Amino acid sequence: MRRKDRMRNQVALGLAISALAFGASAEPDDDRLVVNGEIEMVTETAAPEHMEGVKTIYSGWRFRSDETQAFQIDDFDNPSMIWVETAQEVWETPEGAADKSCSSCHEGVESMAGIKAVYPKWSDAAGKVVTLEQQVNNCREERMEAEAWKYDGGDMTNMIALLASVSRGMPVNVAIDGPAQSTWEQGKDIYYTRFGQLEMSCANCHEDNYGNMIRADHLSQGQINGFPTYRLKNTKLNAVHARFKGCVRDTRAETFKPGSPEFVALELYVASRGNGLSVEGPSVRN
(Lines give C-alpha, C1' and ligand atoms only; values in the text may rest on other atoms or scores of the structure.)
Protein backbone atom coordinates (compact mmCIF):
# COMPACT_ATOMS: atom_id res chain seq x y z
CA MET A 1 0.00 0.00 0.00
CA ARG A 2 1.32 3.40 -0.92
CA ARG A 3 2.20 5.78 1.92
CA LYS A 4 -0.42 8.33 0.83
CA ASP A 5 -3.15 5.67 0.81
CA ARG A 6 -2.02 4.36 4.19
CA MET A 7 -2.18 7.87 5.68
CA ARG A 8 -5.64 8.40 4.18
CA ASN A 9 -6.86 5.15 5.72
CA GLN A 10 -5.39 6.11 9.10
CA VAL A 11 -7.25 9.43 9.03
CA ALA A 12 -10.50 7.71 8.05
CA LEU A 13 -10.06 5.17 10.83
CA GLY A 14 -9.31 7.90 13.36
CA LEU A 15 -12.45 9.81 12.40
CA ALA A 16 -14.52 6.65 12.66
CA ILE A 17 -13.12 5.88 16.11
CA SER A 18 -13.77 9.47 17.21
CA ALA A 19 -17.35 9.29 16.01
CA LEU A 20 -17.94 6.03 17.89
CA ALA A 21 -16.32 7.37 21.04
CA PHE A 22 -19.01 9.95 21.69
CA GLY A 23 -21.59 8.16 23.80
CA ALA A 24 -24.81 9.00 25.55
CA SER A 25 -25.62 12.58 26.47
CA ALA A 26 -25.55 13.69 30.09
CA GLU A 27 -26.50 17.30 30.83
CA PRO A 28 -24.51 19.38 33.34
CA ASP A 29 -25.84 18.91 36.84
CA ASP A 30 -27.70 21.53 38.87
CA ASP A 31 -25.31 21.59 41.83
CA ARG A 32 -24.34 24.91 43.35
CA LEU A 33 -20.70 25.79 43.96
CA VAL A 34 -19.92 27.75 47.12
CA VAL A 35 -16.28 27.59 48.21
CA ASN A 36 -15.47 27.63 51.92
CA GLY A 37 -19.13 28.34 52.61
CA GLU A 38 -18.73 31.96 51.49
CA ILE A 39 -17.43 32.36 47.92
CA GLU A 40 -20.40 31.78 45.65
CA MET A 41 -19.48 30.91 42.08
CA VAL A 42 -21.48 31.64 38.95
CA THR A 43 -21.29 28.31 37.12
CA GLU A 44 -24.10 28.97 34.62
CA THR A 45 -25.02 32.17 32.80
CA ALA A 46 -26.12 33.54 29.45
CA ALA A 47 -23.49 33.14 26.75
CA PRO A 48 -21.63 36.29 25.66
CA GLU A 49 -23.11 37.97 22.59
CA HIS A 50 -20.12 37.06 20.43
CA MET A 51 -20.71 33.31 20.84
CA GLU A 52 -22.53 31.66 17.99
CA GLY A 53 -24.93 28.78 18.48
CA VAL A 54 -24.55 28.59 22.27
CA LYS A 55 -27.15 30.21 24.52
CA THR A 56 -25.86 29.20 27.96
CA ILE A 57 -22.33 28.71 29.26
CA TYR A 58 -21.37 26.36 32.07
CA SER A 59 -18.30 25.93 34.22
CA GLY A 60 -16.50 22.64 33.76
CA TRP A 61 -17.23 21.98 37.44
CA ARG A 62 -20.86 21.27 36.52
CA PHE A 63 -19.79 18.33 34.34
CA ARG A 64 -17.74 16.56 36.99
CA SER A 65 -18.81 13.77 39.35
CA ASP A 66 -19.98 14.57 42.87
CA GLU A 67 -16.73 13.12 44.22
CA THR A 68 -14.58 15.39 42.06
CA GLN A 69 -16.76 18.42 42.74
CA ALA A 70 -16.34 17.93 46.48
CA PHE A 71 -12.59 18.59 46.33
CA GLN A 72 -13.19 22.17 45.22
CA ILE A 73 -15.83 23.11 47.78
CA ASP A 74 -13.39 23.44 50.69
CA ASP A 75 -9.80 24.70 50.51
CA PHE A 76 -8.77 22.07 53.06
CA ASP A 77 -9.77 19.38 50.57
CA ASN A 78 -8.48 21.12 47.43
CA PRO A 79 -5.02 19.67 46.63
CA SER A 80 -4.17 22.83 44.67
CA MET A 81 -3.90 24.89 47.82
CA ILE A 82 -0.57 23.26 48.72
CA TRP A 83 1.00 25.00 45.73
CA VAL A 84 -0.89 28.22 46.44
CA GLU A 85 0.73 28.31 49.87
CA THR A 86 4.13 27.72 48.25
CA ALA A 87 3.54 30.66 45.92
CA GLN A 88 2.51 32.83 48.86
CA GLU A 89 5.98 32.32 50.34
CA VAL A 90 7.59 33.15 46.99
CA TRP A 91 5.48 36.33 46.82
CA GLU A 92 7.22 37.58 49.95
CA THR A 93 10.74 36.42 49.06
CA PRO A 94 13.20 38.92 47.47
CA GLU A 95 14.94 37.71 44.31
CA GLY A 96 17.22 38.99 41.60
CA ALA A 97 19.81 41.75 41.40
CA ALA A 98 17.24 44.32 42.55
CA ASP A 99 16.61 42.29 45.73
CA LYS A 100 12.87 42.77 45.37
CA SER A 101 9.89 40.51 45.98
CA CYS A 102 6.43 40.71 44.46
CA SER A 103 5.25 42.32 47.69
CA SER A 104 7.86 45.08 47.31
CA CYS A 105 5.64 46.64 44.64
CA HIS A 106 2.22 45.12 45.26
CA GLU A 107 2.19 44.61 49.04
CA GLY A 108 -0.23 41.81 49.98
CA VAL A 109 -1.39 39.44 47.25
CA GLU A 110 -4.95 40.51 48.05
CA SER A 111 -4.13 43.73 46.20
CA MET A 112 -4.19 41.64 43.01
CA ALA A 113 -7.85 40.69 43.36
CA GLY A 114 -9.56 40.97 39.99
CA ILE A 115 -6.38 40.71 37.91
CA LYS A 116 -6.96 37.10 36.84
CA ALA A 117 -10.45 38.00 35.60
CA VAL A 118 -9.22 40.34 32.85
CA TYR A 119 -6.28 38.44 31.38
CA PRO A 120 -5.21 37.97 28.62
CA LYS A 121 -5.38 41.69 27.84
CA TRP A 122 -3.92 44.28 25.50
CA SER A 123 -0.72 45.91 26.73
CA ASP A 124 0.19 49.32 25.32
CA ALA A 125 3.75 48.89 26.60
CA ALA A 126 4.22 45.56 24.83
CA GLY A 127 2.14 46.51 21.81
CA LYS A 128 0.31 43.20 21.90
CA VAL A 129 -2.03 41.01 23.90
CA VAL A 130 -0.22 39.51 26.88
CA THR A 131 -1.12 36.73 29.26
CA LEU A 132 -0.79 36.87 33.02
CA GLU A 133 2.23 34.56 32.77
CA GLN A 134 3.95 36.99 30.44
CA GLN A 135 3.18 39.87 32.78
CA VAL A 136 4.65 37.95 35.72
CA ASN A 137 7.86 37.32 33.78
CA ASN A 138 7.99 40.95 32.73
CA CYS A 139 7.90 41.96 36.40
CA ARG A 140 10.58 39.42 37.25
CA GLU A 141 12.94 40.58 34.51
CA GLU A 142 12.31 44.34 34.50
CA ARG A 143 11.62 45.10 38.17
CA MET A 144 13.26 42.29 40.12
CA GLU A 145 16.11 41.74 37.65
CA ALA A 146 15.55 38.03 38.16
CA GLU A 147 15.43 35.15 35.70
CA ALA A 148 12.19 34.50 33.87
CA TRP A 149 10.29 31.39 34.83
CA LYS A 150 9.45 28.63 32.36
CA TYR A 151 6.09 29.56 30.86
CA ASP A 152 4.20 26.47 32.04
CA GLY A 153 6.67 25.40 34.74
CA GLY A 154 5.83 24.74 38.35
CA ASP A 155 6.93 28.11 39.77
CA MET A 156 4.84 30.00 37.22
CA THR A 157 1.78 27.79 37.53
CA ASN A 158 1.88 28.08 41.32
CA MET A 159 2.02 31.88 41.11
CA ILE A 160 -0.88 32.05 38.64
CA ALA A 161 -2.86 29.80 40.99
CA LEU A 162 -2.18 32.21 43.85
CA LEU A 163 -3.28 35.18 41.75
CA ALA A 164 -6.40 33.29 40.66
CA SER A 165 -7.25 32.36 44.25
CA VAL A 166 -7.67 36.00 45.32
CA SER A 167 -10.03 36.62 42.37
CA ARG A 168 -12.35 33.69 43.02
CA GLY A 169 -15.99 34.58 42.61
CA MET A 170 -15.28 37.60 40.41
CA PRO A 171 -16.70 37.49 36.87
CA VAL A 172 -14.42 36.78 33.93
CA ASN A 173 -14.39 39.99 31.88
CA VAL A 174 -11.85 39.68 29.07
CA ALA A 175 -11.84 42.60 26.61
CA ILE A 176 -11.90 41.60 22.93
CA ASP A 177 -12.47 44.94 21.24
CA GLY A 178 -10.07 47.69 20.19
CA PRO A 179 -6.47 46.66 19.57
CA ALA A 180 -7.13 43.17 21.00
CA GLN A 181 -9.68 42.32 18.32
CA SER A 182 -7.25 41.02 15.69
CA THR A 183 -5.69 38.65 18.23
CA TRP A 184 -9.16 37.51 19.26
CA GLU A 185 -10.04 36.83 15.63
CA GLN A 186 -6.85 34.78 15.26
CA GLY A 187 -7.80 32.77 18.34
CA LYS A 188 -11.30 32.18 17.00
CA ASP A 189 -9.86 30.90 13.74
CA ILE A 190 -7.62 28.45 15.62
CA TYR A 191 -10.58 27.29 17.75
CA TYR A 192 -12.55 26.26 14.67
CA THR A 193 -9.63 24.89 12.62
CA ARG A 194 -9.38 21.12 12.28
CA PHE A 195 -5.95 19.79 13.24
CA GLY A 196 -4.05 16.56 12.95
CA GLN A 197 -4.72 13.14 11.51
CA LEU A 198 -8.07 13.08 13.29
CA GLU A 199 -9.04 16.39 11.68
CA MET A 200 -10.69 17.72 14.86
CA SER A 201 -11.07 21.25 16.16
CA CYS A 202 -11.64 22.57 19.67
CA ALA A 203 -15.25 23.19 18.67
CA ASN A 204 -15.86 19.56 17.69
CA CYS A 205 -15.62 18.50 21.33
CA HIS A 206 -16.46 21.58 23.36
CA GLU A 207 -19.19 23.14 21.24
CA ASP A 208 -20.67 20.37 19.13
CA ASN A 209 -20.51 17.58 21.71
CA TYR A 210 -20.40 19.08 25.21
CA GLY A 211 -22.61 17.06 27.53
CA ASN A 212 -21.78 13.85 25.68
CA MET A 213 -19.59 11.10 27.03
CA ILE A 214 -16.32 10.36 25.27
CA ARG A 215 -15.17 7.05 26.65
CA ALA A 216 -15.37 7.61 30.43
CA ASP A 217 -15.16 11.41 30.31
CA HIS A 218 -18.07 13.84 30.40
CA LEU A 219 -17.28 16.53 27.83
CA SER A 220 -17.55 20.10 29.12
CA GLN A 221 -17.61 23.33 27.16
CA GLY A 222 -13.88 23.67 27.65
CA GLN A 223 -14.14 26.80 29.78
CA ILE A 224 -10.84 27.94 31.30
CA ASN A 225 -12.17 30.05 34.18
CA GLY A 226 -10.92 27.34 36.57
CA PHE A 227 -7.26 27.36 35.49
CA PRO A 228 -4.77 26.59 36.82
CA THR A 229 -6.47 23.32 37.62
CA TYR A 230 -5.47 20.27 39.62
CA ARG A 231 -6.11 17.19 37.52
CA LEU A 232 -6.74 13.88 39.24
CA LYS A 233 -5.28 12.27 36.10
CA ASN A 234 -1.76 13.57 36.68
CA THR A 235 -1.99 14.74 40.31
CA LYS A 236 -0.54 18.20 39.76
CA LEU A 237 -1.48 21.76 38.89
CA ASN A 238 -1.90 22.26 35.16
CA ALA A 239 -1.45 25.49 33.21
CA VAL A 240 -3.92 26.40 30.49
CA HIS A 241 -1.35 26.32 27.66
CA ALA A 242 -0.23 22.88 28.80
CA ARG A 243 -3.84 21.78 28.46
CA PHE A 244 -4.08 23.34 25.00
CA LYS A 245 -0.92 21.47 24.03
CA GLY A 246 -2.40 18.18 25.20
CA CYS A 247 -5.61 18.74 23.28
CA VAL A 248 -3.79 19.51 20.03
CA ARG A 249 -1.62 16.44 20.47
CA ASP A 250 -4.75 14.35 20.97
CA THR A 251 -5.68 15.20 17.38
CA ARG A 252 -2.32 13.70 16.34
CA ALA A 253 -1.00 17.07 15.25
CA GLU A 254 2.24 18.93 15.89
CA THR A 255 1.33 21.37 18.62
CA PHE A 256 2.18 25.00 19.31
CA LYS A 257 4.45 25.93 22.22
CA PRO A 258 3.21 27.34 25.55
CA GLY A 259 3.48 31.13 25.34
CA SER A 260 3.44 31.11 21.55
CA PRO A 261 1.42 33.80 19.72
CA GLU A 262 -0.98 31.08 18.59
CA PHE A 263 -1.75 29.88 22.11
CA VAL A 264 -1.96 33.45 23.42
CA ALA A 265 -4.58 34.18 20.77
CA LEU A 266 -6.42 30.94 21.53
CA GLU A 267 -6.41 31.73 25.26
CA LEU A 268 -7.90 35.16 24.62
CA TYR A 269 -10.68 33.67 22.50
CA VAL A 270 -11.45 30.78 24.85
CA ALA A 271 -11.35 33.05 27.91
CA SER A 272 -13.84 35.37 26.24
CA ARG A 273 -16.24 32.45 25.78
CA GLY A 274 -16.41 32.33 29.58
CA ASN A 275 -17.15 36.01 30.16
CA GLY A 276 -19.68 36.13 33.00
CA LEU A 277 -18.62 32.94 34.74
CA SER A 278 -16.72 33.24 38.00
CA VAL A 279 -12.97 32.90 38.32
CA GLU A 280 -12.64 29.49 40.02
CA GLY A 281 -8.93 28.77 39.93
CA PRO A 282 -7.33 26.78 41.26
CA SER A 283 -10.02 24.25 40.45
CA VAL A 284 -10.14 20.45 40.49
CA ARG A 285 -10.96 18.39 37.41
CA ASN A 286 -10.56 14.80 36.22
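In which loop is Pro 120 found? I located Pro 120 in the loop between helix H4 (102-106) and strand S6 (121-123).

**Entry 1: basis of the model**

I worked from a predicted model, in which local features need pLDDT of at least 70 and side-chain atom pairs count only at pLDDT 80 or more, while totals for chains, interfaces and linings use all residues. Residues are numbered from 1 along each chain as its sequence is written, and side-chain values use heavy atoms, with hydrogens and water left out.

**Entry 2: the chain as a whole**

I noted 10 helices and 12 strands in the protein chain. Helices (H or I, at least four residues) and strands (E, at least two) are DSSP runs, numbered from the N terminus.

I then looked up the overall dimensions. The C-alpha trace spans about 65 × 45 × 35 Å along its principal axes. The radius of gyration of the protein chain is 19 Å, in agreement with the value near 19 Å that a compact globule of 286 residues would have. This radius is taken over C-alpha atoms, and the globule rule is 2.2 Å times the number of residues to the power 0.38.

For burial, I recorded that 51% of the 286 residues count as buried. Buried means under 20% relative accessible area, exposed over 50%, and partly exposed in between (1.4 Å probe, protein chains only). The protein chain exposes about 14200 Å², of which carbon and sulfur atoms supply 49%. These areas come from the Shrake-Rupley method with a 1.4 Å probe; for residues, only the protein chains shown count as cover.

Of the contacts between residues at least 6 apart in sequence, 70% join residues at least 24 apart. Contact means heavy atoms within 4.5 Å.

I also checked the charges: the mean positions of the 30 positive and 42 negative charges are 11 Å apart. Lys and Arg count as positive and Asp and Glu as negative, with His and the chain ends not counted. The place of a charge is taken as NZ of Lys, CZ of Arg, CG of Asp or CD of Glu.

**Entry 3: nonpolar cores**

Which residues touch the most other members of the largest nonpolar core? I found Tyr 191, Ile 224, Phe 244, Leu 266, Leu 268 and Val 270 in that position, within a core of 25 residues. Helix H7 (181-192), helix H9 (240-250) and helix H10 (261-272) each supply at least two residues of this core. H10 gives the largest share, seven residues. A nonpolar core is a set of buried Ala, Val, Leu, Ile, Met, Phe, Trp, Tyr and Cys residues joined through side-chain atoms within 4.5 Å.

Leaving aside neighbours within four places in sequence, Ile 224 is in contact with Val 240, Phe 244, Glu 267, Val 270 and Ala 271. Apart from this core lies another, of 22 residues, among them Trp 91, Met 112, Met 159 and Leu 163.

Is Gln 69 buried or exposed? Gln 69, in helix H2, has a relative accessible area of 3% and is therefore buried. Not counting residues up to four places away in sequence, Gln 69 touches Asp 29, Asp 31, Trp 61, Arg 62 and Arg 64.

Asp 75 sits in the loop between helix H2 (66-73) and helix H3 (81-91). Asp 75 counts as buried because its relative accessibility is 18%. With residues up to four places away in sequence not counted, Asp 75 touches Val 35, Asn 36, Met 81 and Arg 168.

I placed Asn 158 in helix H6 (residues 154-165). Its relative accessible area is 10%, so Asn 158 is buried. Under the same exclusion of residues up to four places away, Asn 158 touches Trp 83, Thr 86, Ala 87 and Leu 237.

**Entry 4: backbone geometry**

I returned to Pro 120 and found the peptide bond from Tyr 119 to Pro 120 to be cis, with omega near 5 degrees. A cis peptide bond also joins Phe 227 and Pro 228, with omega about -5 degrees. Pro 228 is found in the loop between strand S9 (217-218) and strand S10 (229-231).

Glu 107, although not a glycine, has a positive phi of about 60 degrees. Glu 107 is in the loop between H4 and S6, and it counts as exposed at 61% relative accessibility. Thr 235, likewise not a glycine, has a positive phi of about 50 degrees. I placed Thr 235 in the loop between S10 and strand S11 (236-238).
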